[in-house]
Amino acid sequence: FGSSRQPFAAASCLPRPFALPRARLPAPAMSEVEETINRIRTHKGVTGIVIVNSEGVPIRSTFESPQTLQYSALISQLAAKARSVVRDLDPQNDLTFLRIRSKKHEIMVAPDREYILIVIQDPNADQNI
């Protein structure tokens with residue numbers, strides 16, 4: 001998710017599951033994104049991944065449409081507010097990571113200039129064995 005990588009192309013119509021057509025990204029960029037998503041998905045307890053653009057529009061997700069839209073809208077607003085708080089406290093600083101833990105879920109948010117990576121996992125995955 002570094003700024004030196006090729007950006008995602010925003011899809012105007014989001015099919016199920018949310019995924020960009022492969023023709024929209026150069027092959028190396030798409031394979032890198034897919035490899036990263038697959039690597040994250042293999043971690044214990046990960047239940048889903050959502051990638052949203054700077055406007056909060058989901059561009060890639062492992063969830064079905066209703067959950068994708070809910071996570072993308074709410075978490076992108078929360079990340080924007082958290083970034084604002086960090087900058088208000090220190091204008092030389094910026095938000096790099098946000099972690100939210102509840103009884104049922106742990107939501108990890110990695111904001112970038114153009115995209116936000118949202119990973120949802122079950123914090124009790126070790127106990128569910």
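## Model and confidence

The chain has a mean pLDDT of 82, with 75% of its residues at 70 or more; pLDDT is the predictor's confidence in each residue, on a scale from 0 to 100. This is a predicted model, in which local features need pLDDT of at least 70, side-chain atom pairs count only at pLDDT 80 or more, and totals for chains, interfaces and linings use all residues. Residues are numbered from 1 along each chain as its sequence is written, and side-chain values use heavy atoms, with hydrogens and water left out.

Over residues 1-25 the pLDDT stays under 50. For this segment the model has 52 contacts beyond four places in sequence, a contact being heavy atoms within 4.5 Å.

## Overall architecture

The chain contains 2 helices and 5 strands, arranged along the sequence in the pattern α-β-β-α-β-β-β. Helices (H or I, at least four residues) and strands (E, at least two) are DSSP runs, numbered from the N terminus.

Of the 129 residues in the chain, 39% are buried. Buried denotes under 20% relative accessible area and exposed over 50%, with partly exposed in between (1.4 Å probe, protein chains only). Among contacts between residues at least 6 apart in sequence, 45% join residues at least 24 apart.

## Strand pairing

Strands β1 and β5 pair in the antiparallel sense over 7 bridges; two strands are counted as paired if DSSP finds at least two bridges between them. Within this pairing, Val52 stands opposite Ile116 of β5, and Val46 has Gln121 of β5 as its bridge partner. Strand β1 is also joined to β2 (residues 58-61) by 3 bridges, again in an antiparallel arrangement, with Ile51 opposite Arg60 of β2. The hairpin of β1 and β2 has 4 residues between the strands, and Gly56 takes a positive phi near 85 degrees there.

Strands β4 and β5 run antiparallel and are joined by 6 bridges. They form a hairpin with 3 residues between them, and Glu106 stands opposite Gln121 in β5.

## Nonpolar cores

The largest nonpolar core has 15 residues, and those with the most contacts inside it are Tyr71, Ile107, Val109 and Ile118. A nonpolar core is a set of buried Ala, Val, Leu, Ile, Met, Phe, Trp, Tyr and Cys residues joined through side-chain atoms within 4.5 Å. At least two residues of this core come from each of β1 (46-53), α2 (65-89), β4 (106-111) and β5 (115-121). Helix α2 gives the most, with 5 residues.

A second, separate core has 11 residues, including Val33, Ile37, Ile51 and Val119.

## Surroundings of Tyr71 and Phe63

Beyond its neighbours within four places in sequence, Tyr71 is in contact with Val50, Phe63, Ser76, His105, Ile107, Ile118 and Ile120. Tyr71 is buried, with a relative accessible area of 15%, and Phe63 is buried at 8%.

The structure holds 1 aromatic pair. The ring centres of Phe63 and Tyr71 lie 5.4 Å apart and their planes meet at 15 degrees, so the pair is stacked. Rings of Phe, Tyr and Trp (its six-membered ring) pair if their centres lie within 6.5 Å; planes under 30 degrees apart count as stacked, over 60 as edge-to-face and the rest as tilted.

## Polar contacts of Ser61

Ser61 is found in strand β2 and counts as buried at 1% relative accessibility. A polar atom of the Ser61 side chain lies 2.9 Å from the backbone nitrogen of Phe63. The side chains of Ser61 and Thr68 are joined by a polar contact of 2.7 Å. A polar contact is a pair of N or O atoms within 3.5 Å; within protein, one must be able to donate a hydrogen and the other to accept it, and residues adjacent in sequence count only if both atoms are side-chain atoms.
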